[in-house]
Amino acid sequence: MSTVEVVTDDGVHTPLLQNSSNQVEFAAGGGEITSSPPTHQHEESSPDSSSHKQRLVSLDVFRGLTVALMILVDDAGKAFPSINHSPWFGVTLADFVMPAFLFVVGASVSLVFKKVPNKAAATRKVVIRSIKLFLLGLILQGGYFHGRNHLTYGVDLEKLRLMGVLQRIAIGYFLASVLEIWLVNDIVVDSAITFMRRYCLQSVVAVLLASIYMVLLYFLYIPNWSFDVSSLKSASLVSGSGTQAVYCGERGSLQPPCNAVGLIDRYFLGEQHLYQRPVYRRTKECSVNSPDYGPLPPNAPVWCLAPFDPEGMLSSLMAVITCFLGLHYGHILVHFKGQIQTVIFWSLTSFPLLISGYAFKVLGVPFSKPLYTLSYMLITAGASGLLLTIIFYFVDIKCIRKPTVLFQWMGMNALIIYALAACDLFPAALEGFYWRSPENNLVDYTESFLQGILHSKKWGTLAFVMLEILFWGIVAGFLHWKRIYIKL
């Protein structure tokens, strides 16, 4: 599915979804963006020198930081529920990770397709890469690999999860790329007006997708529905089985049991192909350990057992707009030549996005990552843009790179780290080597050892996760040293 590419002196092939965007040079004086092979030396020349080009590494750092945050919130979220995904409404640190991935995909796409000599060939490559990424998501997140503490593999195809993180990224990458290839007006950008005219068709598509999402979310009628507990993994949570009825009969509800996002996924994907452990099982209605997972409370509503996919079909419409906003940031980088000018325009985009997100929340559109509401999309995109602006200022303008070098390395090999670490392939493989009992393995022993040293299960887990991130940063650094990159 993926290939290992070794960079030679004759050229370079860039890794995962980064295409040539991740290995770009930013000419400090002229603002030109060109393809460049990775080097072992940091280019510490003054950003004011127009004769010397320095690599734009902020996208690497941003991507690597996002991967590190995903490892942190996934593996330390149980110990610190405050950083884990919000059970339904609200935002936490974990809720910013997925939009950050989508945002940087859009920013990278705008650099990759700055010039498209052959639109048909470019589209063909985009289609092939999108399919590969989607299929990889099915393998990694469809249920075949069972992860830590489950030394088994395999999945009943009747219960294969169809959507997921990589699948959503594949959709966002495909649509953003198609827009960038086919819906850019052939206009020379010499002012803010011509900039808007060049990309106005992309804005129209973004508004159209957002409108479709909002109309369906607030006006689609949600009838009563039922699900078969015995056919789902949730059957193990209760005694008995059978069909459970959920009573809705309303429009505009954003609550877990009765929303348009779940309705569309159940209709088109089928309840058995949805995520079987949705975050709303951590709400007070569904868990005695809320905001963590736990046993069902007495008289818990039946919908607590129902599946729901946080990367579903309707919510992906709004998620794709995050990619489109990433495109906008890339366009600014391409057309506005001065580095400080780029920082100013990025900031002037980020703060209105954040303010708009909070304004919609005040107007009654809550933050919700599972539904990917408009307010949530705006504040997470704004936060991603602001973070990229800060990283760009320190890393590419001030050339302060040593503190972020681990994230840079991780960002240059994001796919392999995501698959091995965030999808638990490597920890699960290590757990397969144990002494007499499956509990006696290197992974669990290391975590227990740190918990014992710190006399705290929570802080020991956090120390273990930080050590894990450091480990993957070193692994990525080794791959970079060997000039080995993994791409689809």
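Guide: A residue counts as buried when its relative accessible area is under 20%, as exposed when that area is over 50%, and as partly exposed in between. The model here is predicted.

Visitor: Which of Cys 286 and Cys 304 is buried?

Guide: Both Cys 286 and Cys 304 are buried.

Visitor: What makes Cys 286 and Cys 304 a disulfide?

Guide: A disulfide requires two cysteine sulfur atoms within 2.5 Å. The sulfur atoms of Cys 286 and Cys 304 are 1.9 Å apart, so the pair meets the cut-off.

Visitor: Why is the disulfide of Cys 286 and Cys 304 called left-handed?

Guide: The torsion about its S-S bond is about -75°, and therefore the disulfide of Cys 286 and Cys 304 is left-handed. Both cysteines lie in the loop between H7 and H8, so the bond ties together parts that are 18 residues apart in sequence.

Visitor: How many disulfides does the structure hold?

Guide: There are two. The other joins Cys 248 to Cys 258, with an S to S distance of 2.0 Å, which is also within the 2.5 Å cut-off. This pair links distant parts of the chain, ten residues apart: Cys 248 is in the loop between strand E7 (243–246) and strand E8 (250–251), and Cys 258 is in the loop between E8 and helix H7 (260–268).

Visitor: What is the handedness of the disulfide of Cys 248 and Cys 258, and why?

Guide: It is left-handed, because the torsion about the S-S bond is about -80°. Cys 248 and Cys 258 are both buried. With the bonded cysteines numbered in sequence order, the pairing reads 1-2, 3-4.

Visitor: Why is Cys 200 called partly exposed?

Guide: Its relative accessible area is 33%. That value falls between 20% and 50%, so Cys 200 is partly exposed.

Visitor: What makes Cys 399 count as buried?

Guide: Cys 399 has 9% relative accessibility, and the cut-off is under 20%, so the term buried applies.

Visitor: How do you know that the span of H8 is close to the expected one?

Guide: Helix H8 (residues 313–335) reaches 34 Å from its first C-alpha to its last, against 33 Å expected at 1.5 Å a residue. The helix has 23 residues, and 20 of them are buried, so H8 is described as mostly covered.

Visitor: Why is His 455 called exposed?

Guide: His 455 has a relative accessible area of 76%, and over 50% is what the term requires, so His 455 is exposed. Its phi is also positive, about 55°, although His 455 is not a glycine. The residue is found in the loop between H14 and helix H15 (457–481).

Visitor: Which residues does the cis peptide bond join?

Guide: Ser 290 and Pro 291 are joined by a cis peptide bond, with omega about 15°. Pro 291 belongs to the loop between H7 and H8.

Visitor: What does the secondary structure of the chain come to?

Guide: The chain has 15 helices and nine strands. Of its 488 residues, 55% count as buried.

Conventions. Residues numbered from 1 in each chain as written. Predicted model: local features only at pLDDT ≥ 70, side-chain atom pairs only at ≥ 80, totals over all residues. Heavy atoms only, no water. Helix = DSSP H or I, 4+ residues; strand = E, 2+ residues; numbered from the N terminus. Expected span 1.5 Å × (residues − 1). Buried < 20%, exposed > 50% of the residue type's maximum accessible area, 1.4 Å probe, protein only.
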